[in-house]
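Here is a short briefing to read with the model open beside you. Let's start inside the protein and then work out to the DNA.

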Amino acid sequence: MLDRDGLDCGVLAGPAVEVAPRLLGSVVRRGRVAVRLTEVEAYQGALDPGSHAYRGRTPRNAVMFGEPGHLYTYFTYGMHTCANVVCAPGGTASAVLLRGGEVIEGADDARARRTTSRSPADLARGPALLATALGITLDDGGCDLAVGPVVLELREPAVAVASGPRTGVSGPGGDARFPWRFWIPGDPTVSPYRAHRPRRAPADASG
DNA sequence: ATTAAGATCAACT
DNA sequence: GTTGATCTTAATG
């Protein structure tokens, strides 16, 4: 389990809120593209109203309930794939959402996957953009991060880490009681914070 | 089978 | 600041 092919699974064995800041500065690689993580969010399984695992195990989130060191992918908003690193002891369904990073290798490949991009810093600035830059799809879900095709290379954690409420999480899991978003302060590849917005009209006036 | 909502991004004003 | 795009998943009948 420990030090398996360079991926020290002991680091991933703790609670997501401890693992998440520890991953800042580490590198995710797929094919020729490598991303240095600058922004992540922790999701703590059944205890976390913001987690996909909150309402129990389903076919979609089954990977989260498995062993640490695997990739949990999901598809959202009709067009976007997002990637998580499963952590904590197996069965706790905890994971760290990879929200942003700096493309340090393979920028040409990453850019080719984008229809628009204004600057190199935008290539992986946001969870869906990060997945796109690496070419991660739903088919990569469940992959062993020590073996690939998506590989996690642990590095020395970032020294400066900021934290705050999670982005895009609706309901009770998104408020300040869960300051489980972690980022490297001042880094240009951290995604802009956007509070959750309801997608339907807030209320009808004829009420 | 049908419906409602989603851990978002990009374009437009 | 606001709004549209677009597909998967899970819950319900």
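Pro127, Ala128, Leu130, Ala131, Ala133 and Leu134 are the buried residues of helix H3 in this predicted model. They make H3 a mostly covered helix, with six of its eight residues buried. H3 also gives the most to the surface near DNA strand B, supplying three residues.

**Helix H3 and its surroundings**
- The buried residues of H3 pack against strands E1 (27-30), E2 (33-44), E4 and E5, and against helix H2 (107-112).
- Glycine 135 follows H3 and has a positive phi, near 75 degrees.

**The surface near DNA strand B**
- There are 25 residues around DNA strand B, and His52, Tyr74, His80, Asn84 and Arg114 come nearest.
- Of the DNA strand B atoms that come within 4 Å of the protein, 56% belong to sugar and phosphate.
- At least two residues of this surface come from each of strand E3 (71-76), strand E4 (80-87), strand E5 (94-105) and helix H3 (127-134).
- By residue class, the surface has nine nonpolar, ten polar and six charged residues.

- The side chain of asparagine 84 places an N or O atom 2.6 Å from a base nitrogen of DNA strand B.
- In serine 170, a side-chain N or O atom is 3.1 Å from a phosphate oxygen of DNA strand B.
- Leucine 129 uses its backbone: an N or O atom there lies 3.5 Å from a phosphate oxygen of DNA strand B.

Conventions: Residues numbered from 1 in each chain as written. Chains lettered and ligands numbered in written order. Predicted model: local features only at pLDDT ≥ 70, side-chain atom pairs only at ≥ 80, totals over all residues. Heavy atoms only, no water. Near = heavy atom within 4 Å. Polar contact = N/O pair within 3.5 Å; in protein donor to acceptor, adjacent residues only side chain to side chain. Helix = DSSP H or I, 4+ residues; strand = E, 2+ residues; numbered from the N terminus. Nonpolar A, V, L, I, M, F, W, Y, C, P; charged D, E, K, R; others polar. Buried < 20%, exposed > 50% of the residue type's maximum accessible area, 1.4 Å probe, protein only. Contact = heavy atoms within 4.5 Å.
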